[in-house]
Amino acid sequence: MKNTIAERIFDFLKNFPPFDILEKEQLFKISSNVKVTYIENNSFVFKQDELPHKNFYIVKDGAIGLYRTMDTDQILVDICDEGDIFGLRPLIQNDHYLMSAKANEESILYAISVELLKEIIKTNEKANKYIIASFSTNIKTPYAKTNNGQLFANIDAINKNSTFTEVQTAQFSKNPVTCLKDATIKEAAQIMSSKRVGSILIVEDKNPIGIITDKDLRLKIATGLVSIEQKVTEIMTSPVITFPQKITIAEAQIAMIKHKITHLCITKNGKTNSELVGILSEHDIVVLHGNNPSVLIKELKRAKNVQTLKYIREKTSDLLKGYIEQNIPITFISKIISEITDAITIKAIELSLDEMDNKPPVKYSWLALGSQGRKEQLLITDQDNALVFEDVSKADYLKTKNYFLKLSKKVTEKLNMVGFEFCPAEMMASNPKWCLSLTEWKKQFNTWITKPTDDAVMMCTIFFDYNLVYGDKELVTKMSKSIFNSINSYEIFLNFLGRNALRNPTPLGFFRQFLVEHDGKHKDQFDLKSRALMPLIDAARLIILSHNIKDKNNTISRFKKLAKVEPQNKNLYLSCADAFKILLHYRTEQGLKNNNSGRYIELNTLTKSEKLKLKGCFKPIKDIQELLNIRYNLAQMM
């Protein structure tokens, strides 16, 4: 005989997480054991400080208010409506109820045995993650050491048995072919031929000091540039790039792209002054992982026109889509996509240089700004860049600047053709305002810092996140040093930067509902960038500047560094880093899905689980802004 009531409960529960990811048999077992409870208006389901019931609850009809009693006041913390779970936290922590649950209207609840759920989620990892996530978003002290690592348990983790090659340990050759530094090139070539290998490592006291590849022999020996009787030190590449034995495919790919090499040396402790134990080649990675972004970099190097750059950028978008669909870690994705974007920019510069009548008159540097500067630009957005050139005499200034403006115009036009649209605000090197000499940039930053108007502070939030893409590193180092000197001489500037950080609109309202745009093109949509991402980006930038820490432009790496610098706030900073990973992943996912920037979200397209995941990110945002408010005494400035 059919259990009609159980079937109706089954049909209801299957529409809400975590029940929607249970096996059919598991869900029917729960449905058959549900207790249906009717709650009158203003009646309590449970009260604060009570011992936990044996069941947790899901709202079938009506609304349940969650109240925190403080002194004599009852403060409404949240409202649970159809499909919402409550009363779960005490059952997981074996603790008293921290809030009271009271019906705001006549309600029907489904009471579900926690023991039955525990039994089922032991064999259902996705459901287990959801339960921990829903518990964590309402936890009393989310940064307590006892909860370390649980606040963002809903991040899709990749376990040890993962099939994703990027996080697997790379299988390298444990018998590298070597020779000593006093060997001749001829002797090294003979060893390579007899061993049938494409490279040979030069060692001294068992430590790698250089490498020679087939390419070196073709370009330097076959062409007659260097005699084959010379020592190997004449043509070897040195120093070599080294890694420890547990290097992952992801780390190897990023290193090869970054250093433009095809071989990595594996040493005992990962350093050059350590004993050589193996060699990892690009070929090894290709064998392990067919979808290798290094191939795109090679295509870029061979590119002769903008059409090829555009084609590679489109292939990069396909690569990004595949990574997102596979739930590859966002930190890996951002590094790979950023390296490819930088490589596209570099090629655009090189192609533009070829079109110029003369070589650059002085040293210069091309800077990426904003999200590209932070290496967080995953989707194709508008370009933000600048150029700094070496100081010249007054007589040569105009001629020099015009040269670089002409070059910048060619570069930005090529990037626009590739798909990176012109910046609407003209934050580009082709704008005379942002194509300046080193001294001019120093003066500009000093003016912004010592006269922090609203516009000046806004400019700082854009231009402080610069990253060298092409050109002279020393110019950028001098510019960075000047910025920190200006900040140290006018420390109140950090307070203005903090005030700006708190001007980002909050993501949730009083009743923890998403706050959406009230008018305009994006009416009723949630602004993921302004309300969630920017508060974290601005906070990380401000605090890292306050510690005089250079060369940390990426938001995640900034928070991780701060966790070490301020151990008392370690858990908060790591939670901010985790929140940023989730938000960046989600924005990228939405952007790919809707073929746009992913900034604005239609809330009615989100599932309960997705809303829960986003809300789980908002607690660290609130807490990091409270930290800024107290640290920089911002209440008096607002």
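Which residue forms a salt bridge with Asp 357? The partner is Lys 406, and the closest N and O atoms of the pair are 4.0 Å apart. A salt bridge here is a side-chain nitrogen of Lys or Arg within 4 Å of a carboxyl oxygen of Asp or Glu.

1. Basis of the note. This is a predicted model, in which local features need pLDDT of at least 70 and side-chain atom pairs count only at pLDDT 80 or more, while totals for chains, interfaces and linings use all residues. Residues are numbered from 1 along each chain as its sequence is written, and side-chain values use heavy atoms, with hydrogens and water left out.

2. Overall make-up. The chain has 22 helices and 20 strands; helices (H or I, at least four residues) and strands (E, at least two) are DSSP runs, numbered from the N terminus. Of its 638 residues, 52% are buried. Buried means under 20% relative accessible area, exposed means over 50%, and partly exposed lies in between (1.4 Å probe, protein chains only). Among contacts between residues at least 6 apart in sequence, 71% join residues at least 24 apart, a contact being heavy atoms within 4.5 Å.

3. The Asp 357 pair. Asp 357 and Lys 406 are joined by a salt bridge. This pair links distant parts of the chain, 49 residues apart: Asp 357 is in the loop between helix 12 (330–355) and strand 15 (364–368), and Lys 406 is in helix 14 (residues 394–418). Asp 357 counts as exposed because its relative accessibility is 65%, whereas Lys 406, at 42%, is partly exposed.

4. Other salt bridges. The structure holds 24 salt bridges. One of them joins Asp 454 and Arg 503, with the closest N and O atoms 3.3 Å apart. Asp 454 is in helix 16 (residues 454–463) and Arg 503 in the loop between helix 18 (493–501) and strand 19 (525–527), so the pair links distant parts of the chain, 49 residues apart. Asp 454 is partly exposed at 43%, and Arg 503 is partly exposed at 43%.

5. Glu 376 and Arg 374 meet in a salt bridge, 2.7 Å from N to O. Glu 376 counts as buried because its relative accessibility is 7%; Arg 374 counts as buried at 8%. Both belong to a network of salt bridges that also links Asp 465, Asp 538, Arg 541 and Arg 558.

6. A lysine without a partner. Lys 401 lies in helix 14. This residue is buried yet has no salt bridge, and the nearest side chain of opposite charge, Glu 440, is 4.8 Å away. For charge, Lys and Arg count as positive and Asp and Glu as negative; His and the chain ends are not counted. Leaving aside residues up to four places away in sequence, Lys 401 touches Phe 389, Pro 432, Cys 435 and Leu 436.

7. Helix 18. Eight of the nine residues of helix 18 are buried, among them Phe 493, Leu 497 and Arg 499. Their cover includes helix 15 (438–450), helix 16, helix 17 (473–489), helix 19 (528–546) and helix 22 (608–631).

8. Surface patches. Patches are made of residues with over 30% relative accessible area and no salt bridge; like charges are joined within 9 Å, and nonpolar side chains (Val, Leu, Ile, Met, Phe, Trp, Tyr) within 5 Å. The place of a charge is taken as NZ of Lys, CZ of Arg, CG of Asp or CD of Glu. Lys 215, Arg 218, Lys 260 and Lys 301 form a positive patch. Lys 301 is in helix 10 (residues 293–302) and is partly exposed at 47%. A nonpolar patch consists of Ile 5, Val 36, Tyr 38 and Ile 108, with about 380 Å² of accessible area together.

9. Backbone points. Cis peptide bonds, with omega about 0°, join Pro 17 to Pro 18 and Ser 238 to Pro 239. Asn 595 is not a glycine, yet has a positive phi of about 55°; Asn 595 lies in the loop between helix 21 (570–594) and strand 20 (600–602).

Conventions
Areas by Shrake-Rupley, 256 points an atom, 1.4 Å probe, with all protein chains shown as cover.
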